[in-house]
Amino acid sequence: MDQTNVTRRGFFRTAGVLGAAVAGSSLLGVSVLAHADDAAPAVNIDELVAKQVGAGPIAMEKVGLDIPGTAENAALVRMPIVVDHPMEAGNFIQTVTLIIDNNPNPLIAQFELTPEAGKASLEFRARMAKSSKVRVIAKSNSGKLYGVVKEIQVAAGGCSG
Amino acid sequence: MADEIGNPKIRGPKDPVKKGELVEIKSLIKHPMESGSRKDKATDALIPAHFIESVVVEYAGKQVVKATWSGAVSKDPFFSFFVKADVTGPLKMTWKDNKGQSFSAEATITVA
């Protein structure tokens with residue numbers, strides 16, 4: 001984990017300065033999703049974030065990920081996400097992206113919301129390969145970015161058997 | 001057991017709700033959610049990826065929420081979210097996996 005911290009430190013500043021290019025489309029690319037456990041170099045997290053939500057500054061507020069710091073079952077880690085933001089026409093959270101840095105494929109899920117959802121609150125469960133930072137980034141319809149990062153410890157990986 | 005797949009379930013409010021009320025919808029579906037990175041212990045071969053890659057929620061005919069998932073979403077995925085109950089109408093969910101299989105389920109939101 002420590003060896004990769006250097007490249008990830010700049011994550012919440014302007015992202016995407018150097019490193020290997022992340023191939024694929026600008027959306028949640030099939031190319032990224034398909035390589036669940038590719039032995040290829042780990043994805044550059046800053047670039048992944050920039051690709052998914054844009055390279056602007058991320059305000060570390062408004063996004064809640066209320067989970068314990070230790071996951072009892074790495075195969076089933078609750079990811080309850082709440083974004084404290086209006087959901088009205090013209091002022092709403094448009095996407096919510098969840099990234100687990102140390103998973104073979106860090107991009108776990110992306111959600112597209114509309115004002116009709118009424119509340120930017122969702123929950124699902126994810127597998128964690130090992131202890132990792134878990135990041136949630138919410139993007140408003142006007143392009144503002146909000147985020148949270150949680151360090152989650154797991155006893156044993158939930159990805160491989 | 002391991003082959004069980006589908007059987008989508010949606011749980012929303014059973015009783016009529018007030019117009020404009022924010023209601024939580026919970027859903028479950030049986031699916032192996034194989035990421036493609038797991039090895040078969042007997043043969044040491046990779047188990048091919050087989051996971052739900054999208055979940056679309058339509059309320060009264062309009063898409064309100066869409067999820068795009070990787071294979072790291074847990075097996076038999078649970079998913080909950082909110083909708084603002086403005087009209088009486090169907091809430092339809094459609095799950096699609098990377099092999100092209102599609103599942104759907106419907107519930108009704110009744111606005112009093």
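Colleague: How many bridges join strand β2 of chain A to β4(A), and in which direction do they run?

Modeller: Before counting, note that this is a predicted model, in which local features need pLDDT of at least 70 and side-chain atom pairs count only at pLDDT 80 or more, while totals for chains, interfaces and linings use all residues. Residues are numbered from 1 along each chain as its sequence is written, chains are lettered from A and ligands numbered from 1 in the order in which they are written, and side-chain values use heavy atoms, with hydrogens and water left out. Strands here are DSSP runs of E with at least two residues, helices are runs of H or I with at least four, both numbered from the N terminus, and two strands pair if DSSP finds at least two bridges between them. For β2 (residues 63–65) and β4(A), which run antiparallel, the number of bridges is three.

Colleague: How many of the seven residues of strand β4 of chain A are buried?

Modeller: Buried means under 20% relative accessible area, exposed means over 50%, and partly exposed lies in between, with a 1.4 Å probe and protein chains only. By that rule strand β4 (residues 77–83) of chain A is mostly covered, and its number of buried residues is five.

Colleague: Which residue of β5(B) is the bridge partner of A:E123?

Modeller: Strand β7 (residues 120–126) of chain A is joined to β5(B) by two bridges, and the two strands run antiparallel. In β5(B), the partner of A:E123 is B:S80.

Colleague: How much area do chain B and chain A bury between them?

Modeller: Contact means heavy atoms within 4.5 Å, and here it takes 30 residues from chain B and 31 residues from chain A. B:T68, B:F78 and B:F82 supply 21% of the area that chain B buries against chain A, more than any other three residues. Buried area is the accessible area (1.4 Å probe) that two parts lose on being put together, summed over both, and 55% of it lies on carbon and sulfur atoms, out of a total of about 2600 Å².

Colleague: Which side chains meet in a salt bridge between the chains?

Modeller: A salt bridge is a side-chain nitrogen of Lys or Arg within 4 Å of a carboxyl oxygen of Asp or Glu, and the count between chain B and chain A is one. At 3.1 Å, N to O, the side chains that meet are those of A:E116 and B:K62.

Colleague: Which strand gives the largest share of the side of chain B that touches chain A?

Modeller: In chain B, β4 (62–69) and β5 (78–85) each supply at least two residues of the side that touches chain A. The largest share, eight residues, comes from β4(B).

Colleague: Is B:H31 buried or exposed, and which side chain does its own side chain touch in a polar contact?

Modeller: B:H31 is found in the loop between β2 (21–30) and β3 (52–59) of chain B, and it counts as buried because its relative accessible area is 1%. A polar contact is a pair of N or O atoms within 3.5 Å; within protein, one must be able to donate a hydrogen and the other to accept it, and residues adjacent in sequence count only if both atoms are side-chain atoms. A polar atom of the side chain of B:H31 lies 3.2 Å from the backbone nitrogen of B:M33. The side chain that the side chain of B:H31 touches in a polar contact, at 3.0 Å, is that of B:D97.

Colleague: Why does B:D76 count as partly exposed?

Modeller: B:D76 lies in the loop between β4 and β5 of chain B, and its phi is near 50°, a positive value in a residue other than glycine. B:D76 counts as partly exposed because its relative accessibility is 24%.
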